[in-house]
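This text goes through the structure shown below, starting with one residue and ending with the chain as a whole.

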Amino acid sequence: MPQMAPISWLSLFILFSMIFMLFNIMNYFCIVFAPSMNMEDSKTSQLTPPSLNWKW
């Protein structure tokens with residue numbers, strides 16, 4: 001593969017970067033706008049943060 005032209009490496013890098021960003025954006029929006037099973041549970045979970053009681 002060292003015979004490949006630098007423009008080819010650049011295009012591969014750009015393609016990989018675009019796919020990586022697209023994957024991250026889709027993952028973010030799938031988690032943020034995920035439908036919840038019960039609206040009451042989602043409202044209470046957003047208002048009260050989970051307890052972080054560390055037991056060492």
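Phe-16 has a relative accessibility of 55% and therefore counts as exposed; the classes are buried (under 20% relative accessible area), exposed (over 50%) and partly exposed (in between), with a 1.4 Å probe and protein chains only. Phe-20, at 45%, counts as partly exposed. The model is predicted: local features need pLDDT of at least 70, side-chain atom pairs count only at pLDDT 80 or more, and totals for chains, interfaces and linings use all residues. Residues are numbered from 1 along each chain as its sequence is written, and side-chain values use heavy atoms, without hydrogens and water.

Rings of Phe, Tyr and Trp (its six-membered ring) pair if their centres lie within 6.5 Å; planes under 30 degrees apart are stacked, over 60 edge-to-face, and the rest tilted. Tyr-28 and Phe-29 are edge-to-face, because their planes stand at 75°, with ring centres 5.1 Å apart. Phe-29 is partly exposed, at 42% relative accessibility.

The chain has two helices and zero strands, taken as DSSP runs (helices H or I, at least four residues; strands E, at least two) numbered from the N terminus. Of its 56 residues, 2% are buried. The accessible surface, by the Shrake-Rupley method with a 1.4 Å probe, is about 6000 Å², and 74% of this belongs to carbon and sulfur atoms.
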